[in-house]
Amino acid sequence: MKTWISILLCMIMALSLCACGGKGGDDSSSGSTKGEVEISWWISYATEKEVILQKLVDDFNKLHEGEYEVKLVYGGGYPETRQKLASTKDKENLPGIITGQPVLNAYYAGVDSIKPIQEFIDADEEDWTKGVYDTVKTAFSDRDGKLIGWPLGVSSAGWFINIDMLKQAGYAPEDLTSYVKVTEAATAIASKKIAEYGIAYYYTGMDLYDGITLQGCDFLDNENGHKADATKSVITEGETNKVLKDFLKMTGKLYESGYAYTYQANIDSDITPAFVDGKIGIIGATNSYAHKLIHLSPEFDWQFVPNTVINEGGKYQGYALCEGTGTYIVDNGNEKIMQGAYEMIKFLSTVENQSYWCSNTGYIPYTDEAFADADYQAWMTANLPEAATMQQTLKSIPAELRGPYVGLAEDVQAACRNMIDRVANNPSEDLDELIKEYAQSIDEAIEIDALRKK
């Protein structure tokens, strides 16, 4: 009798486990022992920023205990993250959120794996987006003005300047109104032996990418892809070609003279420490790198200047492009996970959380309320006072000032980076042939993107 009772109990337990263990289509199951909907967030940040972001995630999880649990997972760089999204066949294995760049917003707008955040905003009774600067919304919107992603950190690429060296060279930060002026100042710093090198470039190509755009020139036809899908590159034509050559000639001259630091040097382990040690007068980066300089405590005054037009008199001289990092909701087929992802993004947009994030990273708040927050103002005044100018610039950017709108914008950026790399290593490079070669590489990328959409 005892044996039969034991067998019966075992059968009951087994049936119970079978009933509870499988997903069975229950989209609230996430593997969490607390019963929350688990939301995986693929990030591309290194440890330093991940630690700061984790604090905000912990706050969100505590606020939504028993409902949502967000977990940060390093997904590799932006290209690796996109490759993972594209190669993951089963939706249920996709994350709830990814970090991405607004420069690639056209790509995110054109793939099935991304759920436009506009759909969640439209269904939300709270109008929490009204205070966001128009240019920031534009950076994350498609051609029709529909928001695809949402900003996490707003920044611009540009230059960190050793102000003491700049003054010795006979310049002030406000003189750096074009790439012409930047190269003149870098030449003066190096030629007068104020520093070993006048300038070091950020290995992204964004200085050229931004410079062409701010000059008022296009990389692509169909109004840089904003009127309709781009069909070809226009860097071999007209004013774009002329301005591009000007940039490459000036850059090549700096390397030929020995005034520019190794082009492929690492910004974190090489360039920034050399700048702090006084070996370089000007370094390329984004304004969010301010937090690294603050931690390293240089023994000189420094300032950030966003990327400029290439030649004086460019159409958008005095403006900057809205760049940085954004968040995108992934369509993984689970409505509760996607809603939780939206709630996480919305949570990060609050004044308190924007202030904390920007004060610890060097990003710029994207609402007046967050910018005016007492904690952020105290940090900014002590560490990055030029953020006030950048905020005003963000608010005044003309609606028509936009980077290329193309699914593979990263290939345009890569073409810029590779052209600079070529003239850095061979200043006598035939520029006509060089530009023609990379025009073809952009055209090939456009063709690939067109095939992807079919």
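**Cavities, pocket and core**

Reply: Strand 5 (150-155), helix 14 (335-348) and helix 15 (351-361) each supply at least two residues to the lining of the largest cavity. Helices (H or I, at least four residues) and strands (E, at least two) are DSSP runs, numbered from the N terminus. A cavity is a set of points on a 1 Å grid over the protein atoms alone where a 1.4 Å probe fits but cannot get out; lining residues have an atom within 4 Å of a point. This is a predicted model: local features need pLDDT of at least 70, side-chain atom pairs pLDDT 80 or more, and totals for chains, interfaces and linings use all residues. Residues are numbered from 1 along each chain as its sequence is written, and side-chain values use heavy atoms, without hydrogens or water.

Back to the largest cavity. Strand 5 gives the most to its lining, five residues. The lining has 13 residues in total; Pro151, Leu152, Leu348, Gln354 and Tyr366 lie nearest the centre. Of the lining residues, 10 are nonpolar, three are polar and none is charged. Here Ala, Val, Leu, Ile, Met, Phe, Trp, Tyr, Cys and Pro are nonpolar, Asp, Glu, Lys and Arg are charged, and the others, Gly among them, are polar. The space comes to about 80 Å³, the volume filled by probe spheres set on grid points joined across faces, edges and corners.

The structure holds four cavities of 30 Å³ or more. Strand 6 (157-162), helix 9 (206-215) and strand 8 (280-286) each supply at least two residues. Strand 6 has the largest share, three. By class, this lining holds five nonpolar, four polar and one charged.

Now the largest pocket. A pocket is an open set of points with protein on both sides within 12 Å along at least five of seven lines. The largest one has about 1,200 Å³. Its lining counts 39 residues, with Tyr78, Gln101, Tyr202, Thr204 and Tyr289 closest to the centre. Elements giving two or more residues include helix 2 (47-63), helix 3 (78-87) and strand 10 (323-330). Helix 19 has the largest share, four residues. The classes split into 18 nonpolar, 14 polar and seven charged.
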